[in-house]
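Please follow the side-chain contacts of this model through its charged pairs, its aromatic rings and its surface.

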Amino acid sequence: MAWFKRTDKGIQTPTEEKKDTPKGLWYKTPSGKIIDTDELKKNLYVSPEDGYHVRIGSKEYFEIFFDDNNFKELDPKLSAKDPLKFEDTKKYPEKLKAAQKKTGLKDAARAAVGKSMGKDLVIASMDFAFIGGSMGSVVGEKIARAIDYSIKNNIPFLMISKSGGARMQEALLSLMQLAKTSAKLAQLAEAKIPYISLCTDPTTGGTTASFAMLGDINIAEPNALIGFAGPRVVKDTTGKDLPEGFQRSEFLLEHGFLDAIYERKDLKKQVNLYLDLIQNQPVRV
């Protein structure tokens, strides 16, 4: 029976040769469903078991909307300064450098232009991975410049929001972005260029109070948290129990704050359908 017994004593495997199970092979959704990460990616980061939409960033949204993932990024080198010399647990520049190193992003928003179903589209997309998608001066400036590009070149504009709100390290400079982006969208409307707003999980704070709710068409992904203050804050402030599904996209659609909810696989087709209808052009298929 030596086939299952170790006949040689003291055999050891060097640490560098030990085999560990690779991390990231599986993803567990909040409902407890387990899915292979490769399958999740093929399914646009939506669990086929329960339809849960995993949070994704600008990289993945650009892949979804731009034909063959071909696009030109607008103002890719913009990065924040520290005019207020802000410091909490660490200095603001240190926090920015850490976030940039961790995410590979310059800030919490990227903008790009490319073909979507054969026609030009400008997209500004937020990244929650960068300091909670907080809206600082760079985020506002990138969105403003993307809108300027749309106006100059007469190209429709798509905003993909995913944010925890204003960036506290920039204080008033962050709050100024609400007015700046709203003013730019007014110029876009005056130029009669379509604007589609896509709210994803989460869309909260100053983002909701400005550009996220100013679209010609406001749409969202399923079960996305959308609101100004979070449900816990609202409950503590009002002292009342909140309705089931409060501040989720389905609740907002029912109460008239959204025009539609679309699964991620349908976003590209539906956004371009709206653009064709708004511009009174032949519908692309």
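Asp88 forms a salt bridge with Lys95, with 3.5 Å between the closest N and O atoms, where a salt bridge is a side-chain nitrogen of Lys or Arg within 4 Å of a carboxyl oxygen of Asp or Glu. Asp88 itself is partly exposed, at a relative accessible area of 31%; buried stands for under 20%, exposed for over 50% and partly exposed for what lies in between, with a 1.4 Å probe and protein chains only. This is a predicted model, in which local features need pLDDT of at least 70 and side-chain atom pairs count only at pLDDT 80 or more, while totals for chains, interfaces and linings use all residues. Residues are numbered from 1 along each chain as its sequence is written, and side-chain values use heavy atoms, with hydrogens and water left out.

The structure holds 19 salt bridges, including one between Arg145 and Glu141, whose closest N and O atoms are 2.8 Å apart. Because they are four residues apart in helix 4 (residues 137-153), Arg145 and Glu141 are separated by about one helical turn; helices here are DSSP runs of H or I with at least four residues, strands are runs of E with at least two, and both are numbered from the N terminus. Arg145 is partly exposed at 33% relative accessible area, and Glu141 is partly exposed at 24%.

Asp148 forms a salt bridge with Lys184, the closest N and O atoms being 2.9 Å apart. Asp148 lies in helix 4 and Lys184 in helix 5 (residues 171-190), so this pair ties together parts that are 36 residues apart in sequence. Asp148 is partly exposed, with a relative accessible area of 32%, whereas Lys184 counts as buried at 19%. Salt bridges with shared partners also join Asp75, Glu141, Arg145 and Lys180 into one network.

Turning to the aromatic rings, those of Phe, Tyr and Trp (its six-membered ring) pair if their centres lie within 6.5 Å, and planes under 30 degrees apart count as stacked, over 60 as edge-to-face and the rest as tilted. By this rule there are six aromatic pairs. The rings of Phe66 and Phe71 have centres 5.4 Å apart and planes at 25°, so they are stacked. Phe66 is buried, with a relative accessible area of 1%, while Phe71 is partly exposed at 30%. Ring pairs link Phe62, Phe66 and Phe71 into a cluster.
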